[in-house]
Amino acid sequence: MRLWNRGTVNTLPYLAYASSISGIGPLINFRKPPISGIPAMTGGRPLLRTSDKISHNDRIIPTIKVNTTCTGSSANFIHVIFCGSGSFCARYARVCRFRRFGSPDRRCQSEIMGMDSYLKIGATVVACWVPLHVFSLSLHMRACALCQPGMWCARKFLKTIKTDKFDKESVCVTALQKCGSTLLCYIVSLINMENKIEKFRNDFDILPMLSFPTRLIAQNFNQRQDGKYQLFKINGRFKDVEKDLGGKYKNVWLCRDINGYFCSVYWWVLAFYPTVDKSYFPFKWVSFNLFKWLYFKEIAREHIDEMYHVYTRLQAGEKFLYMVTYDALVKNKEFEVKKLAKAMGIELPQKDIDSICNKTSKRSMLEYDRFDPVKFGDGEGVSKVNLQPHKHKLAENDLKWYDDEFAKKFAGTGIKNYADFSAHILAIGN
């Protein structure tokens, strides 16, 4: 790094200084370096010996050489001595050691010390920026894990939809992210079109996705759709958008068990968000255990609160067009397709039901459903479908904690766990 026109300073000591005061450990840990680089103007005479090692707490403080070539009557070597591990000891044990022949060059020395101060200020700024940036990334990851960006988009776009201008009723599919909403939306769309869709690229090709900003996916939410209903999709919590829906939509709702939900959220946060926003690339370095330690309890409580809210709305007499769990939709697909078609008031022959089941198999969806906001539909991008089981699973103590929290929330309702809740909502409409 060249500062002014008076010298060249190696900035490694200042990076180490930033490392030590930011609390992230040493960046550099060098032994005492040998002398190198004798200034040509001295005729090859060594002007400086290496700095003496200085003991601190029975430990040798590492030294790092800073070469400074000054214009003037002579040249100088500087050895900056600092503690490269743990805390910064006494800032510098010895800042500079000048050994030269002839009278001292005070101006040169003054400028060197001035450069040292500026670099320490820069190192301090870096040391403050690193933890702040890490903290900012953790907040963004939390928002993504809780699907908050999707919720913000959905609530904004719901205000722009003119349902009173449509010549048909509107249906909104609402589910937390990674609960199987893509699969459900394919089935809803195929039923709505009486199985007249042969190929599709993404669910946002066949129904508007309110949880994605239009800068990623260009969508016209008020465009007239084919089929019996106007369809919309929201990835988020029903309790947060219920007021915005305002009774203008027939509601379809989906939920998933905590283990599958949480593991899928982890996979999605690492696979999807860094793709659409490069500033989220560090998400890829977050391990499952760290992600769980940071967000599991909050995600689990949101999961429970969402189900409890839906339960209270059912008890209050609110009607849903259709409710299902991800496991039931996968394991009993034909039965659920018939049930949903009946709820939508659409009669389908058995061959269409079989066709819908085949089109919405995981392998078919993996072939056609590719998510890339620029190249979607051409077999590239990030798929929303994961054929392989997740390699991560919640531990037994995590599931026990979840069951305890679930029982506390649903105390007095007769529903003791997720299995009871699933049975309760699946019984609706049968």
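Analyst: Start with serine 170, which lies in strand S7 (residues 170-175). Strands are DSSP runs of E, at least two residues, and helices are runs of H or I, at least four, numbered from the N terminus. This is a predicted model: local features need pLDDT of at least 70, side-chain atom pairs count only at pLDDT 80 or more, and totals for chains, interfaces and linings use all residues. Residues are numbered from 1 along each chain as its sequence is written, and side-chain values use heavy atoms, with hydrogens and water left out.

User: Is serine 170 buried or exposed?

Analyst: Buried means under 20% relative accessible area, exposed over 50%, partly exposed in between (1.4 Å probe, protein chains only). Serine 170 has 3% relative accessibility, so it counts as buried. Leaving out residues up to four places away in sequence, serine 170 touches Thr163, Gln230, Phe232, Lys248, Tyr249 and Lys250. Contact means heavy atoms within 4.5 Å.

User: Which residues touch the most other members of the largest nonpolar core?

Analyst: A nonpolar core is a set of buried Ala, Val, Leu, Ile, Met, Phe, Trp, Tyr and Cys residues joined through side-chain atoms within 4.5 Å. Here the largest has 97 residues, and Leu184, Ile191, Trp253, Phe291 and Phe421 touch the most other members. Helix H9 (residues 288-315) gives the largest share, eleven residues.

User: How are two packed helices described?

Analyst: By the angle between their axes and the distance between the axes. The axes of H9 and helix H15 (residues 418-426) come within 12 Å and cross at roughly 40°. Axes are lines fitted to C-alpha atoms, for helices over the stretch in contact, and angles run from 0 to 180 degrees between N-to-C directions. The contact is formed by Met307, Tyr311, Leu314 and Gln315 of H9 with Tyr418, Phe421, His424 and Ile425 of H15.
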